[in-house]
Amino acid sequence: MEQVANQVIFFLLSAIIVVCSIMAVTSRRILRAATYLLFVLFATAGYYFQLDYHFLGAVQVTIYAGGILVLFVFAILLTSKLGEKSDRISSRKRAWGLLAAVLGAAICGYTLLTHDFFPSQFAQGGELDMKTVGHALMGMDKYQYLLPFEAISVLLLACIIGGIMIARKR
Amino acid sequence: MIYYVVVSTLMFFAGVYGFVTRHNLLAILISLELMLNAVDINFVVFNRYLFPGQLEGFFFTLFAVAIAAAETAIAIAIIINIYRNIRNINVDNVDKMKY
């Protein structure tokens, strides 16, 4: 019973991701594109929850849906009028884009579907607990990630300073 | 497992299509986020299904999300600065540098 419910939720999430990501790149109103992107990001968080990576799902919701999307909406409202439509794409450009996308998807899909991965040992229900994540994030041994963590913090500091430098009025 | 990867492939190439065809800088950035997100899904799914005892993909995705946040913030700062200078953000109009 639970298996069936999981599959139904999985197909629902997949449908949301595929439809909304295609709508996000084809919609001519940019605010709508941002909204579709929001749905895609939420459905991705749903994937992470389904794979029992609850911490990653929470991170996805807070940082992507809560932080980046708000930035996007503010930037859109600052730079374009409401209800403004982008002009039509020239057919040549559309053809090149379609060619790149379809060809790439075909090659990737063919490779994925013909390659046989070795059997997975994933068992549903084994949630990754917070203690493991914390120890791996703060440790200095092999397979532990203190140095990247510190590097990220320096990167974020540089990003704050750079953002202020770029965006301030002269 | 293969279904997850197929979905993320479709998402990635939707991003590629938007990246090639869009004129608006913010729309290009949205397509970029789609592509990054698809790659994140791939890391997590491969980690979870093929190597459930390890955490490499998990942490790679965690750091990728942080870097994506930083990158988006800087990119939006640059875009708003461009808007302040030339009053629109179409890529066709951004072809002059200061020097």
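**A tour of chains A and B**

Start with both chains shown: 61 residues of chain A are in contact with 56 residues of chain B (two residues are in contact if their C-beta atoms, placed from the backbone, lie within 7 Å). This is a predicted model, in which local features need pLDDT of at least 70, side-chain atom pairs count only at pLDDT 80 or more, and totals for chains, interfaces and linings use all residues. Residues are numbered from 1 along each chain as its sequence is written, while chains are lettered from A and ligands numbered from 1 in the order in which they are written.

Next, select the side of chain B that touches chain A. Helix H1 (2–21), helix H2 (25–50) and helix H3 (56–86) of chain B each supply at least two of its residues; helices are DSSP runs (H or I, at least four residues), numbered from the N terminus. H3(B) gives the largest share, 20 residues. Colour this side by residue type: 42 residues are nonpolar, 12 polar and 2 charged. Here Ala, Val, Leu, Ile, Met, Phe, Trp, Tyr, Cys and Pro count as nonpolar, Asp, Glu, Lys and Arg as charged, and the others, Gly among them, as polar.

Now go to chain A and select A:Asp52, in the loop between helix H2 (30–50) and helix H3 (54–79). A:Asp52 is not a glycine, yet has a positive phi of about 70°. A:Asp52 counts as partly exposed because it has 17 C-beta neighbours inside 10 Å (buried means 20 or more other C-beta atoms within 10 Å of a residue's own, exposed 12 or fewer, partly exposed in between; C-beta atoms are placed from the backbone).

Last, select A:Tyr143, in the loop between helix H5 (130–138) and helix H6 (146–167) of chain A. A:Tyr143 has a positive phi of about 60° although it is not a glycine. With 10 C-beta neighbours inside 10 Å, A:Tyr143 counts as exposed.
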